[in-house]
Amino acid sequence: MVADWFSGEGENFRLLGTQCGDCGAVFFPREDAFCRNPGCTGGELAEVPLSKRGRIWSYTDGRYRPPLPYVSDPDAAWEPYTLLAVELEAERMVVLGQAVPGVTTADLEVGMEVEAVPGVLNEDADTTWTTWHFKPVSTR
């Protein structure tokens, strides 16, 4: 995973973005070079934790193994995954991420509240690559 896109554990887990000190625009993925707002000439960017919760804007399932650079064992059986587009509570921006393992499209609906939680992208004997997942806050 890309460094500095999230931090913390448990209740303290958050996606990390950056915010322009001049116009207040918030970016995810983070921006460390310049403000991406075309109407702003500012450039003072500060790291900010993003909302832990949001609402499902859209979702789908991945039924095929993505090509490289996606990390997966080509010899292992492919397990479909669920991909969510989530509108973050305060920022009102849409962020993509996988649902926690075991959550399928049948478990979801547009507008459902979810929260960002730590997850595992892949692991081997020496390394665990971490990421974020979205977990439904309550069941239907």
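Arg53 is partly exposed, with a relative accessible area of 32%; the term covers values between buried, under 20%, and exposed, over 50%, using a 1.4 Å probe and protein chains only. The model is predicted: local features need pLDDT of at least 70, side-chain atom pairs count only at pLDDT 80 or more, and totals for chains, interfaces and linings use all residues. Residues are numbered from 1 along each chain as its sequence is written, and side-chain values use heavy atoms, with hydrogens and water left out.

**Salt bridges**

- The whole structure contains seven salt bridges, each defined as a side-chain nitrogen of Lys or Arg within 4 Å of a carboxyl oxygen of Asp or Glu.
- Arg53 pairs with Glu113 in one of these salt bridges, at 3.7 Å from N to O.
- Because Glu113 lies in strand β8 (residues 113–123) and Arg53 in strand β5 (residues 53–62), this pair ties together parts that are 60 residues apart in sequence.
- Strands are DSSP runs of E with at least two residues, helices are runs of H or I with at least four, and both are numbered from the N terminus.
- Glu113 counts as partly exposed, at 21% relative accessibility.
- Arg30 and Asp32 form another salt bridge, in which the closest N and O atoms are 3.0 Å apart.
- Arg30 is buried at 16% relative accessibility, whereas Asp32 is exposed at 56%.
- A network of salt bridges links Arg30, Asp32 and Glu47.

**Arg92 and its loop**

- Arg92 sits in the loop between β6 (81–88) and β7 (94–99).
- Although Arg92 is not a glycine, its phi is positive, at about 60°.
- The relative accessible area of Arg92 is 58%, so this residue counts as exposed.
- Arg92 also forms a salt bridge with Glu87, the closest N and O atoms being 3.3 Å apart.
- Glu87 is partly exposed, with 24% relative accessibility.

**Cis peptide bond**

- Phe28 and Pro29 are joined by a cis peptide bond, with omega at about 0°.
- Pro29 belongs to the loop between β3 (26–27) and β4 (45–49).

**Annotated span**

- An unreviewed UniProt entry lists residues 47–117 as "domain: ChsH2 C-terminal OB-fold".
- UniProt positions follow the numbering used here, feature names are shortened, and annotations may be inferred rather than shown by experiment.
- In the model, residues 47–117 are 0% helix and 45% strand, and the end C-alpha atoms of the span lie 19 Å apart.
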